[in-house]
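Please read them alongside the sequence and the model.

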Amino acid sequence: MASTAPPRPRARPAHTQGSTHCAYTPDGSKLVTVGSNNTIRLYKTGFDGEPINIDDCQEQNLSVAASDDFFVVGSEDGTLSLYSIPNAAFDSYLLRTSLPIRDVALSPDAKWCAVASDELTVKLVRTDDNSKLRHLRAHNKPTKHLAFDTKGETVSLACTDGVVYVYDIGREDTDDPELIRRVDGVIGTVDTESEISTQIAWHPDGRAFAVPTPTRDIQVVSKKDWANQRSFTNGHTGEITALAWSPNGAMLASAGKDKKILVWDTKTQAVISRHNFANVMDIAWHPTENIVSFTTSDGEVYIHSDFVPDEHAALLKLSRQPAPFIHDPLSEISANSRRPEANGSKPLVSRPRRDSAGSYDSLMDGPLPEDEDFVVDDDGAGYVVNGNGKRLHDGVDVFGEPLSKRRNVQIEYHEAFQPGSTPWRHNRKYLCLNLIGFVWTIDQDGHNTVTVEFYDEAFQRKIRINDTYLYDKACLTENGVAMSCPPTEDTPATIFYRPHETWTHRTDWRTQLPKGEAVLAMSLSDSFVTVTTTAGYVRVYTLFGIPYKVYRPKSSPMVTCASWRDYVMTIGNGPAGGDGQTRLLYTIENIKRDEICQNEDTVALPPGATLKSVFFSDCGDPCIYDSTGTLLTLLHWRQPSRASWIPLLDTKLLPRLASGRKTETYFPIAVADGRFHCIILKGGEEYPYFPLPLLSEFDFSVPLSSEPPSEKKKKKKKTPNPDAMEDDDDDEESLAEDGDSESRKLEQQFLLKGIAAAQLQDLAESTRGSGHAAQRSGLARLELEIDKALLQLLAIECREGEDRGMRALELVELMRDRTGRMVEAAGKVAERYGRSILGEKIREVGERRVDALEDEDEL
């Protein structure tokens, strides 16, 4: 419930009737007000007497922005003026525009001033050198309001077409900053002369801004994904004319045409105080005190002490508060956050080192008095001793402090993540995305609605769950769906599993974790439900809720996990490198056999890269996708200490990106049928949103070389060149290019078939049963395809000439066929192209192989 307002302050008739604005200096010592008359007033904080007047100024001043040393004023005649605060006088003209200036803003370091006028172009001018100008041109309507973010990296414009345009100004080497985002559907279409505000107010934590909406509400928009977050609703009954955050972001003040100023609690978005003031045009919070100043269209200035009532004044004393997000990323479980010690134990406190028992000083209670000044450092040679009687080492001053401070490396842990999920955006989130279907949830303010959808609706119908547990992670297989929810103050974390089919009445089960323990990641296979937790445990359950295994891995904190049949792969943070970033370590274990295949081996990531997803392919081989856009698979992972990461695809080298005109990223889904399945994301997006985009698939391509950009075919040839020699050269060049392209394709085929054969051979050696014969026949087919690719490469080498003979012979030696048929075919290819010497060498290779087979038979 809103509290009663404090005593009403007196109105100060500072200006004539018309547009009136105010701004505090960052140190809070001065309040600057401008208006329709040719007088600027400086009010000193804490002094209730007459203000300082500056009469040397323009008339019809429409905007003001202040730093500690100066302030800038934009006027209707198009002049941007700079005034000195210490001298309380006009300093210089920074800029002139042909149309009225509507708004000005200073960057956080006060080096740049952004100017919005009725012109289409917004200008940025240096406050210390007005010859340096930058222009924002990508919008096509005049700008009513503008604002820098708290770091000075972007400038946001609220234009009259109802769109917020965001420009990246981080790079000062360009005079035309790039437009990086258009935020549509938030503000209304408002004329530049209207008293209705579309002001952009950045929250002090810099992660979001607030803007008034046409529905008389205030909407918060996040900077990371430009999505709508919390909103301040049901407050004003008239259009909003001004708004401002408190210095610590704990409150928001807004004024409207309903003749009220409302104070909102940022955390709850509830009105905590109401003030009756009409025609308010601008609001400014004092940086440190409980003072709010505001101006009206009547030319009056109000300096309201004790603006926040006593029962809520404690909010101003809080540290910087977070912006109101629907699901705040800062509240999500992160490996970088310091967790409390278990069982309430306190962290160890370092104790000073005591003297050793046999030291001379410890036996004599310190150095002898007569020894203290035995040597005097009269030549600065470094003979001075410290308080412990020890000589100072180089690089330390006489006070024992280092001359140059050593850089303190902060350890950065890789954050935990759930493969195939997305963060909250608006009130929706994907909990799981794979080739079977997808699980998504929607926040209904108090409870969630979870929907499980399948691509093959004939296999399973859509499942809808009324979720009061607020599940935030999920896994989906052909057998069932598993979910987990985070712990709260009253209830522990819960794991839920629901099978798709059952022959009993009870279809699902739930189990709770110990109090305070949360799920970091979970996986689901045909045999087990696996979860990694904040307590550093890996917990394995059967599909019907029986605890099967609990263990603590060596690498901690945990990052993620994946599973396939009886195999579980866990990934955690390992030791930190010189850059402060931890190295990820993985372990693969067969749960049923209680066998460890790979133990704390390194996840192959390049420096600075992060892990985006981990999953098993449809054939059961581990795969990872990293932030560089590279897909890798693990080879020989069933054999201890033999595993190696092999790249299958580098998405940056895809032919569709070769021209350089297209920019897109890919959200990994699965590896199946020898292809990479993903969702294509454009426009700088990192995660898919609703409705779900179509899945795309790409063939594997081991990164060997950059794909040359494909040129468009020429429509028609021009008049034939009479020089026949040049035509022959062109034909030879085109044939060479065709040969290189064909050779690259065959090399790719040779490598990829070799990887597939190695994976299938590992699978065949580790399994015994009815499928063993099928695996052996499949391996024979792959080896035959490898030899065919080598045979085709041999034909290309023979066609190129005799000087490629050694490379051609090497191709024959790589063939896997031991029957001699492929070597015989290679000899025929060499004879066809007239390579007699090569043919003899190939026959020698065949004879050696026959001899080797005979030796094996004798043994």
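1. Histidine 139 is in contact (heavy atoms within 4.5 Å) with Leu120, Val122, Leu157, Cys159, Tyr165 and Tyr167, leaving aside neighbours within four places in sequence. Histidine 139 lies in the loop between strand E13 (133-136) and strand E14 (143-148); strands are DSSP runs of E of at least two residues, helices runs of H or I of at least four, numbered from the N terminus.

2. This is a predicted model, in which local features need pLDDT of at least 70 and side-chain atom pairs count only at pLDDT 80 or more, while totals for chains, interfaces and linings use all residues. Residues are numbered from 1 along each chain as its sequence is written, and side-chain values use heavy atoms, with hydrogens and water left out.

3. Is histidine 139 buried or exposed? Histidine 139 is buried, at 4% relative accessible area (buried is under 20%, exposed over 50%, partly exposed in between, with a 1.4 Å probe and protein chains only). Its side chain reaches the backbone oxygen of leucine 120 at 2.6 Å.

4. Leucine 814, in the loop between helix H4 (805-813) and helix H5 (821-832), is partly exposed at 41% relative accessibility. Not counting residues up to four places away in sequence, leucine 814 touches Phe750, Leu790 and Arg849.

5. An open sheet of 3 strands runs in the order E49-E50-E51, with antiparallel pairing (strands pair if DSSP finds at least two bridges between them). Strands E49 (664-672) and E51 (696-699) are at the edges with a single partner strand each, so one side of each has no neighbour in the sheet. Strand E50 (675-682) pairs with E51 over 4 bridges; histidine 677 has glutamate 697 in E51 as its bridge partner.

Note on methods. Polar contact = N/O pair within 3.5 Å; in protein donor to acceptor, adjacent residues only side chain to side chain.
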